[in-house]
Amino acid sequence: MSTSNRILLGVNIDHVATLRQARGTRYPDPVKAALDAEEAGADGITVHLREDRRHIQERDVLLLKDVLQTRMNFEMGVTEEMMAFAELIRPAHICLVPETRQELTTEGGLDVAGQESRISLAVERLSKIGAEVSLFIDADERQIEASKRVGAPAIELHTGRYADAQTPTDVADELQRVADSVAFGLAQGLIVNAGHGLHYHNVQAIAAIKGINELNIGHALVAHALFVGFKSAVAEMKALILTAAKS
Ligand SMILES: CC(=O)[C@@H](O)[C@H](O)COP(=O)(O)O
Ligand SMILES: NCC(=O)COP(=O)(O)O
């Protein structure tokens, strides 16, 4: 069980691709963003190849596979198409996420408890290519226990409910739910990551929770980069995280 205050930043570059896809141009290139992010201190690069290809494309993933100096965290739905693609590119880290075509963003965690045999088979298959498989789940003991049972070494706690909470009481409750889930996940022997909806004003409370291995952050970074540039946006986020983790 790790309770160190070392915490990694995974930079999600999906929304660089969202901007490109909005006009069907060649720019902005998420691969360039990934390299800039690495130079600015990113510990890894996260991409989500969605079934509807609304942002990241196969081309991006294939190029990233060749050029990244850190590591790729490949987010994917549990479909045969994605399983086969993952086996082709063999990312170091794979995060299994739920996907709904019409959703604006990933609205909740993967229901591992409700489909244990299916997820267990996926984890087994992806572990064979050497990937560390993580499950993107709600901060919920039932889902954490199920994640352990299906053999995933890691989980990523969906912080969307915390990020969306409106009142101080709700924010405090959601933060506590994440903190309790981190402790519970660590007690189960899991690597615990977290992410979704984190931004410059809400990240430090999460980063201060002891034992989180990595935070994956994307949308807020890409938005801030419009004003300060991608490297500065990443460096600012990393500094906030490291300061909070030391507190
Ligand atoms: C699973 C997850 O949380 C990320 O993939 C992130 O949310 C990317 O953005 P979209 O959910 O908008 O695709
Ligand atoms: N898995 C969460 C992620 O990669 C980043 O989500 P967001 O910061 O774009 O909401």
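**Exercise 1. Helices α2 and α11**

Determine at what angle helix α2 and helix α11 pack in this predicted model, and classify the arrangement.

Solution. 
Step 1. Locate the helices: α2 covers residues 30-39 and α11 covers residues 230-246.
Step 2. Take the geometry: the angle is about 45°, and the axes lie 8 Å apart.
Step 3. Classify. Angles under 35 degrees count as roughly parallel and 65 to 115 as roughly perpendicular.
Step 4. From α2 they are Ala33, Asp36, Ala37 and Glu39, and from α11 they are Phe230, Lys231 and Val234.
Step 5. Sort them by class: the contact of α2 with α11 has four nonpolar, three charged and no polar residues.

**Exercise 2. Phe230 and the nonpolar core**

Find which residues have the most contacts inside the largest nonpolar core, and list what phenylalanine 230 touches.

Solution. 
Step 1. The largest nonpolar core has 76 residues.
Step 2. Val11, Phe74, Leu96, Leu135, Leu215 and Phe230 have the most contacts inside this core.
Step 3. Helix α11 supplies the largest share of the core, seven residues.
Step 4. Setting aside residues up to four places away in sequence, phenylalanine 230 touches Val11, Ile13, Val16, Ala33, Asp36, Ala37, Leu221, Val222 and Ala225.
Step 5. Compare with Exercise 1: Ala33, Asp36 and Ala37 are among the α2 residues that meet α11.

**Exercise 3. Arginine 20**

Decide whether arginine 20 is buried or exposed, and describe its surroundings.

Solution. 
Step 1. Arginine 20 sits in helix α1, residues 14-23.
Step 2. The relative accessible area of arginine 20 is 5%. Buried means under 20%, so arginine 20 is buried.
Step 3. Beyond its neighbours within four places in sequence, arginine 20 is in contact with Thr25, Arg26, Tyr27, Pro28, Pro30, His55, Gln57, Arg59 and Asp60.
Step 4. Take one of these, histidine 55: 35 residues separate it from arginine 20 along the chain, and their C-alpha atoms are 7.8 Å apart.

**Exercise 4. Helices α4 and α5**

Carry out the analysis of angle, crossing and contact for helix α4 and helix α5.

Solution. 
Step 1. Helix α4 (residues 80-89) packs on helix α5 (residues 116-127) at an angle of about 20°, with axes 10 Å apart.
Step 2. Because angles under 35 degrees count as roughly parallel, α4 is roughly parallel to α5.
Step 3. The crossing of α4 past α5 is right-handed.
Step 4. Glu80, Met83, Ala84, Ala86 and Glu87 of α4 make the contact with Ala122, Arg125 and Leu126 of α5.
Step 5. By class, these residues are five nonpolar, three charged and no polar.

Terms used
Residues numbered from 1 in each chain as written. Chains lettered and ligands numbered in written order. Predicted model: local features only at pLDDT ≥ 70, side-chain atom pairs only at ≥ 80, totals over all residues. Heavy atoms only, no water. Axes fitted to C-alpha atoms, helices over the stretch in contact; angles between N-to-C directions. Helix = DSSP H or I, 4+ residues; strand = E, 2+ residues; numbered from the N terminus. Parallel < 35°, antiparallel > 145°, perpendicular 65-115°, else oblique. Contact = heavy atoms within 4.5 Å. Nonpolar A, V, L, I, M, F, W, Y, C, P; charged D, E, K, R; others polar. Core = buried A, V, L, I, M, F, W, Y, C linked by side-chain atoms within 4.5 Å. Buried < 20%, exposed > 50% of the residue type's maximum accessible area, 1.4 Å probe, protein only. Left-handed = near helix turned anticlockwise from the far one by under 90°.
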